Amino acid sequence: MNFNDIFKSDFIDNVTAVSLTDMLLTLALAFGIGLFIFFVYKKTYQGVMYSSSFGVTLLALTMITSQVILAVTSNIVLSLGMVGALSIVRFRAAIKEPLDIAFLFWSIAVGIVLAAGIIPLAVIGSVVIGLVLLFFVNRKSHKNPYIIVLSCIDHESETQAVNFLKSKVERCVIKSKSAQRGLVELNMEIRLKNDNTDFINALADLKGVCSANLVSYSGEYMG
């Protein structure tokens with residue numbers, strides 16, 4: 001094959017460049033591993049609202065990537081054109097969870113590896129990655145924190161409420177405090193001893209306490 005043969009394009013040759021067996025096997029494996037990625041994503045999702053469309057996107061992305069790489073490996077001219085076409089594509093969808101980026105790269109990597117014919121790496125690698133994500137994402141080594149928004153009328157009621165709260169929870173840390181005439185508002189991070197939250201009712205009934213709100217906090221923090 002000389003330099004001119006590399007850039008020679010023949011439609012009939014392109015039709016048979018990839019065998020039907022290779023296409024079906026690659027797409028079937030991409031579908032199976034894509035389903036596994038979808039399953040791991042569903043089991044490890046930590047966000048507020050689960051999006052099933054993103055899970056389906058991971059499945060489709062695995063198959064689409066394998067299809068593109070199969071075409072690219074069959075024709076060098078097509079590969080150059082594909083690079084140029086993809087370079088002008090801009091994706092505007094916002095990634096809400098940092099872990100979603102890992103799933104996107106996982107799907108793309110599996111599609112590339114499958115189309116390259118390295119099937120053991122795609123299968124075994126996906127199983128290992130899935131087990132690692134299931135273990136570390138679902139593993140809880142700490143108790144979930146909560147935020148209490150407390151409103152009191154004066155310093156005396158504030159002290160009474162904070163002391164009462166410290167006796168009912170495992171940990172209590174004041175994050176912010178604002179005061180104005182006749183009102184003191186505290187934002188406190190707490191760790192519960194158990195799942196019982198009845199102490200909030202008793203806290204709100206204390207003399208001088210205007211309101212007590214308990215909010216679950218799922219952001220990043222240092223334990």
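Contact here means heavy atoms within 4.5 Å. Keep that in mind as you work through this predicted model.

**Exercise 1.** Leaving aside neighbours within four places in sequence, find which residues phenylalanine 199 is in contact with.

*Solution.* Start at phenylalanine 199 and skip its neighbours within four places in sequence; the contacts left are Ile148, Phe164, Leu165, Lys168, Val169, Ile190 and Leu192.

Next, look at the largest nonpolar core, which has 19 residues. Phe199 is one of the residues that touch the most other members, along with Ile148, Leu150, Leu165, Met188, Ile190 and Leu203.

Now ask where this core comes from: β1 (145-152), α8 (155-168), β3 (183-191), α9 (199-204) and β4 (209-216) each supply at least two residues. With four residues, α8 gives the most.

Finally, spot another core lying apart from that one: it has 15 residues, including Ala30, Ile37, Leu58 and Phe103.

**Exercise 2.** Work out how helix α3 (residues 20-44) and helix α6 (residues 98-115) cross.

*Solution.* Two packed helices are described by the angle between their axes and the distance between the axes. So let's get both: the axes of α3 and α6 come within 10 Å and cross at roughly 165°. Angles over 145 degrees count as roughly antiparallel, so α3 is roughly antiparallel to α6. As for handedness, the crossing is right-handed.

Then check who meets whom. From α3, the residues include Ala30, Ile33, Phe36, Ile37 and Tyr41, and from α6 they include Leu99, Phe103, Trp106 and Val110. Sort the residues of this contact and you get 13 nonpolar, three polar and one charged.

Note on methods
Residues numbered from 1 in each chain as written. Predicted model: local features only at pLDDT ≥ 70, side-chain atom pairs only at ≥ 80, totals over all residues. Heavy atoms only, no water. Axes fitted to C-alpha atoms, helices over the stretch in contact; angles between N-to-C directions. Parallel < 35°, antiparallel > 145°, perpendicular 65-115°, else oblique. Left-handed = near helix turned anticlockwise from the far one by under 90°. Nonpolar A, V, L, I, M, F, W, Y, C, P; charged D, E, K, R; others polar. Core = buried A, V, L, I, M, F, W, Y, C linked by side-chain atoms within 4.5 Å. Buried < 20%, exposed > 50% of the residue type's maximum accessible area, 1.4 Å probe, protein only.
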